[in-house]
Amino acid sequence: MTMRRPLMTRFFVLVLAISMQSGFVMGQRRAPREVILERNIRAEMNFLAGDAMQGRGSATGFERIAAEYIAAQFRQVGLEPAGDQDASGAPGFVQRVPLQSLKYKEAPALTATTGGATHRWEHGRDLLVSLMRGSQVSGDLQIINADETPARGAFVVVRTPSDATRQSRQDITRRARTAGAVAIALLENEANKQMRESGKARMPELPPRFSNEGASARDNGFAAITLRPEAFAELSAIPPGARIDFGAPVQADEAAATWNAVGMIRGADPTLSRQAIFLSAHLDHLGVADEGAGGDSIFNGADDDASGCISVMELARVLAAGPRPKRTIYFVCFGSEERGGWGAQYFVAHAPVPLDMMVADLNFEMLGRPDAKVAANTLWFTGFDRSNLGAELARRGARLVADPHPEQNFFQRSDNYTLALRGVVAHTVSSFGLHADYHRPSDEAAKIDFVFMTSAISSLVAPVRWLANTSFRPHWQPGKAPTR
């Protein structure tokens, strides 16, 4: 007996360890759906961010496959469908967003009018377009240095240092857009020059419009262009305040669509069930690079934003396995965030509940790696000081702190902003540490910290469950509600 006790003890400890790992504890089983498991996250990440998905390009067939995959996960964990009817006529989990694609009839041109004279520079010959949000943009010329602030409504020419990095040029462009400028013009770098001189530059890709909108709908936007040195010097020599126009006539192209995946848990309380909590992310990414780009051409979008979609799916899995919450919870993965937030805009315009019944939206974006600017195992919350939601969730155990990158304006750069502009208290949860793989083919599953991601999602289960079962209603702080 004395010789067998240590053996039996070791055997019991081994069985207990295996039982805990597999979900069994002393004869009781914890269903895998009730905990966040790293193996689920890995499986979902390897599918969504795998090469076979071809970068889940906005409004492409691969984006639709992503939506169908997420919809299948929603169905599997027991959510109720909240999308369109499926092929059999039954309620489904996918929402089709009808779009009309547009294309230029001719190469767009940049024109400046001053002193009765008109100057003209053409796409492909004098300039290239790096971003186009609208077919026509117009504004008064403003010429500034890289550290100065653009004026709202201005067509901004920015003098950048010759050694400006790709990231710094992107930051300058983003600041101009955030400030309300209609366009930004930069001196071309070597990569722009090579593309322009190769003669292989494609016509600028225009954002689509909803199919039922008129020709002028959403025509105002933002443009980012790069100019060859001679054209940049000529434009910079024009007196500030001159009228600048960029664009060309457009024509409707083929019908298109983007796709949302939508599921729900219907609330159990007769009164609170009329209120809704939204957990959201975006399922699209940048697709495949232009031909001739060389090297890896697939923008896998592992962190941006397969990680967010997986957060939504895993929270759905856990919350659906527990008791029904008092409030209704919608789980939504939006299409075409990368091309202007079309999926989110359509969803809000066709909201399943009245806007005043939308209690909050927690949007998840880029939380596949830890951010060195915050404490270990911590997530950050965009616009933390704009409402009382982040602080309240933190008091309930959420590992949330204020966004440590306020200069990046992340609050306005994701689908939460679409809901926030309609009055819904909507923020994004993230841990993006400004890594160099952002919007590059190198944003792959191999770069994901799965241990961190598992812990991060797990830390949100109890606070989200609390929010779905309380009568607490978050509000914008005085003067902090977003406006256009």
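**Exercise 1. Name the elements that cover the buried residues of α8.**

*Solution.* The cover includes the strands β4 (94–104), β11 (209–210), β14 (250–265), β15 (276–282) and β16 (328–334), and also α10 (416–420). Covering is a matter of contact, meaning heavy atoms within 4.5 Å. Element names follow DSSP runs: helices are H or I with at least four residues, strands are E with at least two, and both are numbered from the N terminus.

Some ground rules apply throughout. The model is predicted, so local features need pLDDT of at least 70 and side-chain atom pairs count only at pLDDT 80 or more, while totals for chains, interfaces and linings use all residues. Residues are numbered from 1 along each chain as its sequence is written, and side-chain values use heavy atoms, with hydrogens and water left out.

Next, the covered residues. Helix α8 spans residues 342–349, and seven of its eight residues are buried, so the rest of the structure largely encloses α8. They are Trp-342, Gly-343, Ala-344, Gln-345, Tyr-346, Phe-347 and Val-348. Buried means under 20% relative accessible area; exposed is over 50%, and partly exposed lies in between (1.4 Å probe, protein chains only).

**Exercise 2. Work out which way the residues of β16 point, and which strands pair with β16.**

*Solution.* Start with the side chains. Thr-328, Tyr-330, Val-332 and Phe-334 point one way from β16. Ile-329, Phe-331 and Cys-333 point the other way. All of them are buried. With seven of seven residues buried, β16 is largely enclosed by the rest of the structure.

Now the partners. Two strands pair if DSSP finds at least two bridges between them. β14 runs antiparallel to β16, with five bridges. β15 pairs with β16 in the parallel sense, over seven bridges.

Finish at Ile-329. Ile-265 stands opposite this residue of β16. Ile-277 also has Ile-329 as its bridge partner.

**Exercise 3. Describe how α2 crosses α7, then how α2 crosses α11.**

*Solution.* Take α7 first. The axes of α2 (residues 38–48) and α7 (residues 302–321) come within 10 Å and cross at roughly 135°. α2 is therefore oblique to α7. Axes are lines fitted to C-alpha atoms, for helices over the stretch in contact, and angles run from 0 to 180 degrees between N-to-C directions. Angles under 35 degrees count as roughly parallel, over 145 as roughly antiparallel, 65 to 115 as roughly perpendicular, and the rest as oblique.

The crossing of α2 and α7 is right-handed. That term applies if the near helix is turned clockwise from the far one by less than a right angle; anticlockwise is left-handed.

List the contact. From α2 come Asn-40, Ile-41, Glu-44, Met-45 and Leu-48. From α7 come Ala-302, Ala-306, Ser-307, Cys-309, Ile-310, Met-313, Glu-314 and Arg-317. Eight are nonpolar, two polar and three charged. Here Ala, Val, Leu, Ile, Met, Phe, Trp, Tyr, Cys and Pro count as nonpolar, Asp, Glu, Lys and Arg as charged, and the others, Gly among them, as polar.

Now α11 (residues 450–469). Its axis and that of α2 come within 9 Å and cross at roughly 115°. α2 is therefore roughly perpendicular to α11. This crossing is right-handed. Glu-38, Ile-41, Arg-42 and Met-45 of α2 meet Phe-450, Val-451, Met-453, Thr-454 and Ile-457 of α11. The contact has six nonpolar, one polar and two charged residues.

**Exercise 4. Check the backbone at Asp-305, Arg-56 and Asn-409.**

*Solution.* 
- A cis peptide bond joins Asp-304 and Asp-305, with omega about 0°. Asp-305 is in helix α7.
- Arg-56 is not glycine, but its phi is positive, near 45°. Arg-56 sits in the loop between α2 and α3 (61–77). It counts as buried, at 1% relative accessibility.
- Asn-409 is not a glycine either, and its phi is positive at about 55°. Asn-409 lies in the loop between β19 (400–402) and α10. At 23% relative accessibility, Asn-409 counts as partly exposed.
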